[in-house]
Amino acid sequence: LKAPAPRAPDGKIDFTGIWNGPVPETLADPANAQPWVNDLVRQREQEYWKKRPSYQCLPSGPEADRAAGWKRIVQTPTLIAILNDDLTYRVIHTDGRELEPNPAPSWMGVSAGRWDGDTLVVESAGFNDKTWLSRYGQGHTEALRVTERFHRSDFGHLHVDVTFIDPGAYAKPWGYTVDMQLVPDTEMLE
């Protein structure tokens, strides 16, 4: 697993494979959040998080808890698809397009990626305000933008940095990191 990271025919790092990793800890600083976000977190805690999208069989969107766990990444020259074990998926366009300025809100948003050396930088927007940013119930507005940096340091390891930017909900950007490992010789179960 420490062999060099594989490359696609175009010379870019190839993320294709089945990956698994621990759920990142995402305790957001209440001082960074707008008062309405802290009120929402308290309300969701008092309700035992029963309205969490994944508890209702709805897509989790940008929720940090879904950043790790089992994923199959499929890479082509123009897009990367991330297939999750909860039967949701994401498409990251890598064909040079810019992120739409005002995409229609949806559960999983829209994503456009670009390469910064061997690191894939993904910008995402267009999330509806029904999704959470963590299992603790941090909310956001539909203006949320997410930046992810995917770096495959070697054959078996993938490091992901995630930053949330939403001035309507947080005074400054915040996020988390997750380290995933390639899981060869197996298949994902739903």
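Mentor: We shall take the overall fold, then one residue.
Mentor: This is a predicted model, in which local features need pLDDT of at least 70 and side-chain atom pairs count only at pLDDT 80 or more, while totals for chains, interfaces and linings use all residues. Residues are numbered from 1 along each chain as its sequence is written, and side-chain values use heavy atoms, leaving out hydrogens and water.

Trainee: How many helices and strands does the chain have?
Mentor: There are one helix and nine strands, where helices (H or I, at least four residues) and strands (E, at least two) are DSSP runs numbered from the N terminus. Along the sequence, the pattern reads β-α-β-β-β-β-β-β-β-β.

Trainee: And what box do the C-alpha atoms fill?
Mentor: Along the principal axes, the box is roughly 50 × 35 × 25 Å.

Trainee: What share of the residues is buried?
Mentor: Buried residues make up 46% of the 190 in the chain; buried means under 20% relative accessible area, with exposed over 50% and partly exposed in between (1.4 Å probe, protein chains only).

Trainee: New topic: where is alanine 28?
Mentor: Alanine 28 is in the loop between β1 (17-20) and α1 (35-46).

Trainee: Why does alanine 28 count as buried?
Mentor: Because its relative accessible area is 16%.

Trainee: Which residues does alanine 28 touch?
Mentor: Leaving aside residues up to four places away in sequence, alanine 28 touches Gln138 and Trp174, a contact being heavy atoms within 4.5 Å. Alanine 28 and glutamine 138 are 110 residues apart in sequence, yet their C-alpha atoms are 7.8 Å apart in space.
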